[in-house]
Protein chains: 2
Amino acid sequence: MSKGPWLDDDEQKAWRSYLLMNRTLETHLERHLQRDFGLSKSDFEILVNLSESESGRMRAFELSRATQWEKSRLSHHLTRMEKRGLIRKEACESRYPEIAITEEGLAAIKECAPAQAARVREFFVDVFGPDRLAVLGEVADEIVGTIGKHCETDCPLEVRS
Amino acid sequence: MSKGPWLDDDEQKAWRSYLLMNRTLETHLERHLQRDFGLSKSDFEILVNLSESESGRMRAFELSRATQWEKSRLSHHLTRMEKRGLIRKEACESRYPEIAITEEGLAAIKECAPAQAARVREFFVDVFGPDRLAVLGEVADEIVGTIGKHCETDCPLEVRS
DNA sequence: CCGCTTGGGTTGACACATCAACCAATCGCG
DNA sequence: CGCGATTGGTTGATGTGTCAACCCAAGCGG
């Protein structure tokens, strides 16, 4: 109907393959995380960050930096996670609460992380293989860098931390 | 705190670079689509599919196959888009309505597609370059294939159309 | 001291996605 | 024919993300 395409054929094909890979990988990983452990990708991301910190506790803005989430999204999600007992907001000397992972949260992530890692390995790492994976890593960083540079002026994207 | 990592260092690094690239690219593209043209990524996807069809009209289940969306998501989104005048559900001989792109919808996508394509080229295609892009395309297809194969039995993922 | 901006964080309204339940027509097949 | 299963599609409840507005304390220029 409309003339398109606006990318030439090879580019178009690669781009669409990439998009499909993304969607497939994401939905597959998330589906299993949800089905087998009752965690969403978002829950997982928060728990990973907390569990990797020394003390198991972080300030909200640190999490915000680490995850690249908007602060309101983070705030909403943390209150939900607190209601489910995965984290706790606890007061400390400096005004603002610290976010602490609970026993339950720690147990949850320790349980699901190996399975998740295995899937990433099976469907991503191993399919790429070491060489192509290394190349991807490079390109990915270049792209993040390019976008970061491009946005320095006009958009408040915190990619350039 | 928790011992991790569950992937070794190189794998971990590549995987995280990839995740960050995804997020960065996605939010960047979507932000501009939204800001400059008032369309979401979802709107765009539907409009692209409709505008690429011969007649500018498709059945809902065709769109569902093309986009890999769940039918309820599609249904909800189409009613929203209809309210905004981007598409129309029109009755035809066979029971079920056909989804038709409106003048307004066609105008919208014709306006934004070049800009969108330019961004994809600038931040994705050109950063990869032809060789690495070709490689990515191959790997992406392999990954989709692998997951599709793995899911044939237990999950109703429609990737294997 | 005042008033301003900035930074960390919450809130509410709304858009969107997901899940399960449902509806209606059609198909397969005894 | 009859009836269960499948298909295409809608609906409603609920969980999640986004945007803009707001709150409050601290820093700072005057």
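**A tour from the DNA to the chain interface**

Select DNA strand C to begin: 20 residues surround DNA strand C, and the closest of them are A:Ala60, A:Phe61, A:Ser72, A:Ser75 and B:Ser72, where a residue is near a molecule or strand if its C-beta atom, placed from the backbone, lies within 6 Å of it. Two or more residues of this surface come from each of helix 3 (60–67) and helix 4 of chain A, together with helix 4 of chain B; helices (H or I, at least four residues) and strands (E, at least two) are DSSP runs, numbered from the N terminus.

Before going on, note that this is a predicted model, in which local features need pLDDT of at least 70 and side-chain atom pairs count only at pLDDT 80 or more, while totals for chains, interfaces and linings use all residues. Residues are numbered from 1 along each chain as its sequence is written, and chains are lettered from A and ligands numbered from 1 in the order in which they are written.

Colour the residues near DNA strand C by class, and they divide into three nonpolar, 10 polar and seven charged; here Ala, Val, Leu, Ile, Met, Phe, Trp, Tyr, Cys and Pro count as nonpolar, Asp, Glu, Lys and Arg as charged, and the others, Gly among them, as polar.

Next, select DNA strand D, which has 21 residues around it, with A:Ser72, B:Ala60, B:Phe61, B:Ser72 and B:Ser75 coming nearest. Helix 4 (71–83) of chain A, helix 3 (60–67) of chain B and helix 4 (71–83) of chain B each give at least two residues to this surface, which by class has four nonpolar, 10 polar and seven charged residues.

Now move to the sheet of chain B, where three strands form an open antiparallel sheet in the order 1-3-2 (two strands pair if DSSP finds at least two bridges between them). Its edge strands, each pairing on one side only, are strand 1 (57–59) and strand 2 (87–90) of chain B, and the twist averages 30° from one strand to the next. Strand 1 of chain B is joined by three bridges to strand 3 (residues 98–101) of chain B, and in this strand 3 B:Ile99 stands opposite B:Met58.

In chain A, select strand 3 (residues 98–101), which is joined in the antiparallel sense by three bridges to strand 1 (residues 57–59) of chain A and by four bridges to strand 2 (residues 87–90) of chain A. Click on A:Arg59 to find its bridge partner, A:Glu98, and then on A:Ile87, which stands opposite A:Ile101.

Finally, show both chains together, and 52 residues of chain B are in contact with 53 residues of chain A, two residues being in contact if their C-beta atoms, placed from the backbone, lie within 7 Å. On the chain B side, helix 5 of chain B gives the largest share, 26 residues, and the residues of that side divide into 29 nonpolar, 13 polar and 10 charged.

Zoom in on helix 5 (residues 103–151) of chain A and helix 5 of chain B, whose axes come within 10 Å and cross at roughly 145°; axes are lines fitted to C-alpha atoms, for helices over the stretch in contact, and angles run from 0 to 180 degrees between N-to-C directions. Among the residues that make this contact are A:Phe123, A:Phe124, B:Phe123 and B:Phe124, and by class the contact has 16 nonpolar, two polar and four charged residues.

Technical notes. Buried ≥ 20, exposed ≤ 12 C-beta atoms within 10 Å, placed from the backbone.
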